[in-house]
Amino acid sequence: MAKYMFIDDVNNLLSEDKWLILQEQYDSKLNQRYETIFTLANGYMGVRGIFEEGSEDECPGNFIAGIFDKSEAQVRELVNAQNWLGIKVYVDGKCLKLDKCDILSFKRVLDMKHGILFKSMVLKNDANKITRIEGYRFLSRYNVHRAAIKLFITPINYSGTVSIENIIDGTVLNSKESPALKTKHLRLIENTVFNEGGIYLETATRDDDIRIGTGSYVKIYSNNDKNNIAKFRRFTSLGEVCSEYFEFDALENETVEIDKFVATYTSRDVLKEDLKNFVKNEVLNFAAEGIDNELLNHIKIYEKLWNIADINIEGDDLADKALRFNIFHLMSSINENDPNVSIAAKALHGEGYKGHVFWDTEIFMLPFFIYVYPKAARTLLMYRYKMLDSARQNALLNGYKGAQYPWESADTGKEETPRWGFDYKGNPVRIWTGDIEYHITADIAFAVFEYYRATDDIDFMLNYGAEIILETARFWASRCEYNKRLDRYEINDVIGPDEFHEHINNNSYTNFLAQWNIRKALEFIGILKSKYPSKYEFLSSKICLTEKELKNWKEVMSKIYIPFDKDKKLMEQFEGYFEKKDYIIEKFDENNMPIWPDGVDVTKLNDTQLIKQADVVMLMLLLGEEFDEETKKVNYEYYQKRTMHKSSLGPSMYSIMGLKVGDYKNAYHSFIRSATVDLVDNQGNTKEGLHAASAGGTWQVAVYGFGGMYIDREGILNINPWLPEKWNKLSYKIHWKGNFLHVNITKDEANIKVLEKSGKGLKVKIKGKEILL
């Protein structure tokens, strides 16, 4: 279908339809949603899908991983860097903009297979002159400092002078649409032209003087003979806007090509005094080599990535494409060579949550990387190791021992949660998550162990992972409070994963994972003492860990209180939860999202049993081997009826648990809700950035849920799948203990093929039957 929308130069690049996300009609009210959907990222940088020409209600965003600043903002936030996308086309001196012209045809296409954004539009201006503008852009995965735009401009019914303006715009703001919050994080360092050709804009963050250098070079030539046709060029330094103006003669129905080469470096990459020369050399070399060679290398990288990550669903085109959309944005957001950055809750796709890193990364996204790109998973965990000293300082400031990881993290590892926000009615409210949502500390320890269990990367554990697990266990031992009357340890005044309920005591998720964290630390100490005594001696000396302290850990661990009704097999989400006013969710909107039950006061959710997202159910998924099937079923059925899904994190978890307890219909609906959260904007906030945790959760549903993959008590890989009615086949690939496996599932059978082996036999279970690969 899409193949027939473009000229041959573009058609030859387009993949088949299953790889394409289409926008077939322009609506300025949807601009910001599509800017997120059409974001291109390469792990180093993410650029929102705005139009080169500019449009109404746009929210430009160029986010470079690791570049944060505070200035007048509440906390440090990911900086919106200079926008280099600008290419304005002028006919008769008037800019061709979608909102000012008649749109005769319009298409935009995200090619997920190759990481390219295409566009095609035919515009008629007020003089009835018709112009076709087509082209594409990409951020190179081969050389992450490079990006390019290629446009094909064709005058349909006129000849004359056409002009273009190449722009690098440094006037960008964060929170530009909020008068109370908008912030200017950048100051201008230099706005100039290279002697050899091309333009350059350098900015610096206001707090830390981190430099960002962007250069571009433009070629304008005939599509027929490839010769230059630009007859006039003028550079203008307009304050923070770097502008380069060209004119050329355009002939009716003759296509002109415009190539824009872009290079970006920061002072995180090179010394400040060398920044301009690095950018200049990069952009000029890029222009000399041409777009085609870089694009070919870029496509090869994506082909290698997809060869591992792609999941095929036969029989359900919606599920197949939506899942691929989530995988594309996940794998486009990681820089496996930079352990100083992680993946934010909105990835590199928008300003939502200020570019901060939450538990979303370890619990929702990391499993994808553990089993698909283990090297990238290790890099993400190294970010947490590099922030360990800050976590220690955070614990100390709060009166605890060990390491307490912040609820929201940026580039320093300090707590970056804003202290104030707004409730569902727009009222200002105090945000307590940064003060008392402690469970992220155990979540990170859990992620470390999950990585080790899947990879057997003992080098990581001995040098980094063990230290994280021990210091987080130390935190929990100090955070627990002894109740002498009841002879138990409690964790009071917390927020659990639910988040509707604040200042609660003994949240089951938090207490259970704290207990698990301490137990795993003690188990690993046993391994260190028996197999790596010199490492244990070094580590215990480094962190001043004594046998007396370990004895206390055992005492605390054995007496941590978990509110659980053994007769009903129902876990109370927190102490006193069952005494709250009970509401059952019975109504849903057009996107199958829950509607508030009648009579609920959304400003007093703390007084109800309604919850925001998976809490107890999440616990029973993470530590599935700790609970029997009946307990999972009882708790799933209870909490599902009370979960409002006011976060994108919940549907995927309920889908997986639904499959485990036999609620197949709701499991499929929850999967689609998770997979299409951004494509249909069912949370209403896609414009703020990608729901990256939901993307990771969607992958988990495909592999852990329908694909039936789990690790049992003995540490054996199990495949016990279930396919929806219209799915004929599901296939995926995973890494497991040094082996690379291809899993194929049909309605009748499941099999595993070893694509790469570690050199030793591998025991797995398929539908309960043990086999040796």
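How do the residues of the lining of the second largest pocket divide into nonpolar, polar and charged? The legends below take this up along with other close-ups.

This is a predicted model, in which local features need pLDDT of at least 70, side-chain atom pairs count only at pLDDT 80 or more, and totals for chains, interfaces and linings use all residues. Residues are numbered from 1 along each chain as its sequence is written, and side-chain values use heavy atoms, with hydrogens and water left out.

**View 1. The second largest pocket has a volume of about 790 Å³.** Its lining has 36 residues, and Leu621, Lys660, Met709, Tyr710 and Ile711 are the closest to its centre. Elements that give two or more residues to this lining include α6 (359–372), α10 (440–455) and β26 (709–711). Helix α6 gives the most, with 5 residues. The lining divides into 21 nonpolar, 5 polar and 10 charged residues. A pocket is an open set of points on a 1 Å grid over the protein atoms alone, with protein on both sides within 12 Å along at least five of seven lines; lining residues have an atom within 4 Å of a point. Grid points are joined across faces, edges and corners, and a volume is the space filled by probe spheres set on the points. Helices (H or I, at least four residues) and strands (E, at least two) are DSSP runs, numbered from the N terminus. Ala, Val, Leu, Ile, Met, Phe, Trp, Tyr, Cys and Pro count as nonpolar; Asp, Glu, Lys and Arg count as charged; the others, Gly among them, count as polar.

**View 2. The largest cavity has a volume of about 140 Å³.** A cavity is a set of grid points where a 1.4 Å probe fits but cannot get out. The whole structure holds 5 cavities of 30 Å³ or more. The largest cavity is lined by 18 residues. Gly66, Phe68, Val341, Ser342 and Gly355 lie nearest its centre. Strand β4 (residues 62–69) gives the most to this lining, with 3 residues. By class, the lining has 11 nonpolar, 6 polar and 1 charged.

**View 3. The second largest cavity holds about 70 Å³ of space.** Among the residues that line this cavity are Ile50, Phe51, Arg108, Lys119 and Tyr136. Strands β9 (116–124) and β10 (130–139) are the elements that give two or more residues to the lining. The lining has 5 nonpolar, 1 polar and 4 charged residues.

**View 4. Helix α7 (residues 374–386) crosses helix α11 (residues 458–479) at roughly 45 degrees.** Their axes come within 10 Å. Axes are lines fitted to C-alpha atoms, for helices over the stretch in contact, and angles run from 0 to 180 degrees between N-to-C directions. The two helices are therefore oblique to each other. Angles under 35 degrees count as roughly parallel, over 145 as roughly antiparallel, 65 to 115 as roughly perpendicular and the rest as oblique. In α7, the contact (heavy atoms within 4.5 Å) includes Arg378, Leu381 and Tyr385. In α11, it includes Asp459, Phe460 and Glu467. The contact residues divide into 6 nonpolar, 1 polar and 4 charged.

**View 5. Helices α7 and α10 pack at an angle of about 150 degrees.** Their axes are 11 Å apart. α7 and α10 are therefore roughly antiparallel to each other. Pro374, Ala377, Arg378, Leu381 and Arg384 in α7 meet residues of α10 including Ile440, Ile444 and Tyr451.
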